[in-house]
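Keep the viewer open as you read.

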Amino acid sequence: CRRRGLGDNWAAYNHTLDSESQDRLRLTRELRLALDNDEFELHFQPKVSLANGAIIGCEALLRWHHPERGLQPPASFIPVAEKSQLIRPIGRWVLNEACRYLSVWRDAGLGIVNVSLNVSMVQFTESNFSRTVAEALAAHDVPPQSLTLEITESVFDQESEQLREEIIRLHELGVNLSLDDFGTGYSSLRYLQQYPFDEIKIDQSFTRKLLDDAYSECIVNAILDIAKALGAEAVAEGVENEQMRSGLMALGCRNGQGYYYSVPLEVEDFRWLLDKRRTLPLAAHHSNSSIE
Ligand code: C2E
Ligand code: MG
Ligand code: MG
Ligand code: MG
């Protein structure tokens, strides 16, 4: 068979680059339209007390109803939205939508305590992000304590004075700050201590390995200690079964999220849970009630 020369490789490389950047351009164009065409939707995953299954809040997760490709997960478009800075208007939409639901659920007497949403680094570089948050809260007459902003650890890869100031301002505004995907990035404890985090989310990779070996148990224990040292509440992500729930509880973790309790739900389904004051998981509840 013929050995491919440098020229052929180069052509192939160029071709991939081209189609990739073309895909990205197309996606950017589609995302721009998506806001106008109202193609975004928030799904809500309950945040649960591990002890009794009570819903203590929820995380709003973005979905995109693409006109041809159907329901799109955030991983398929958030990176492009970040690169094109479209994440700023999209993020404002998420923020307003979350505040709107908070006020709707409050007015309906559903007693939901808290909505968390994810914030990209790019949104922090927007001038006066904290004011955008304050305005969204005011527009829907929602108290700041009912909103939690989740920031991934990687935000701090590009640490700046502006980022620091914005985080402090958000804290002073009274919204809760959560450190998402904890353990997957690089950060020193001394450094984290400079930030007023109310919550630390244990990344699902640790939750998953918890039952496998003593080593992973030590890591989760260490994360719980760090949370305690920072005065933050720990929340385990990716709780997928009863063994994980009891394992986490045994280590002193009090809150969790995951498929064991519920996948992210469409708003009507989440509202139903609130309305019925259901505890999770539903299957366990059903088996209980059949005994009664
Ligand atoms: P995240 O904030 O860490 O959200 C948790 C992800 O884990 C969600 O994926 C959720 O559906 C999934 N998950 C929840 N429980 C389980 C479980 O038990 N097992 C497994 N395997 N997965 C579980 P999703 O919705 O695809 O979101 C992925 C990421 O996209 C989020 O990670 C977040 O970083 C980002 N994202 C989502 N919505 C937004 C948004 O509105 N703005 C921004 N900037 N990022 C967002
Ligand atoms: Mg999150
Ligand atoms: Mg996470
Ligand atoms: Mg994540």
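In this predicted model, ligand 1 is surrounded by 23 residues. Closest to ligand 1 are Arg63, Asn118, Asp180, Glu240 and Tyr259.

Start with the polar contacts. Arg63 places a polar side-chain atom 2.8 Å from an oxygen atom of ligand 1. Asn118 also uses its side chain: one of its N or O atoms is 2.8 Å from a ligand oxygen. Tyr259 contributes through its backbone instead, with an N or O atom 2.8 Å from an oxygen atom of ligand 1. Each of these distances counts as a polar contact because the cut-off for a pair of N or O atoms is 3.5 Å.

How much of ligand 1 does the protein bury? Taken alone, ligand 1 exposes 800 Å², and the protein buries 82% of that area. The space that ligand 1 takes is the largest pocket.

Now look at what builds the shell. Strand β2 gives the most, with 4 residues. Sorted by class, the shell around ligand 1 has 9 nonpolar, 6 polar and 8 charged residues.

A pair of aromatic rings is described by the distance of the centres and the angle of the planes. The model has 12 aromatic pairs. One of them joins Phe44 and Trp105, with 5.1 Å from centre to centre and 75° between the planes. The pair is edge-to-face, because its angle is over 60 degrees. Phe44 sits in strand β1 (residues 40–49) and Trp105 in helix α3. The two residues are 61 residues apart, so this pair links distant parts of the chain.

Two backbone details complete the tour. Which peptide bond is cis? The bond from Leu280 to Pro281 is, with omega near 0°. Pro281 is found in the loop between α11 (267–275) and α12 (282–291). The other detail is Asp38, in the loop between α1 (6–36) and β1. Asp38 has a positive phi of about 60°, although it is not a glycine.

Definitions and conventions:
Residues numbered from 1 in each chain as written. Chains lettered and ligands numbered in written order. Predicted model: local features only at pLDDT ≥ 70, side-chain atom pairs only at ≥ 80, totals over all residues. Heavy atoms only, no water. Near = heavy atom within 4 Å. Polar contact = N/O pair within 3.5 Å; in protein donor to acceptor, adjacent residues only side chain to side chain. Areas by Shrake-Rupley, 256 points an atom, 1.4 Å probe, with all protein chains shown as cover. 1 Å grid on protein atoms, 1.4 Å probe; cavity = no way out; pocket = protein on both sides within 12 Å on 5 of 7 lines; lining within 4 Å. Sits in = over half its atoms within 2 Å of the grid points. Nonpolar A, V, L, I, M, F, W, Y, C, P; charged D, E, K, R; others polar. Phe/Tyr/Trp six-rings, centres within 6.5 Å; stacked < 30°, edge-to-face > 60°.
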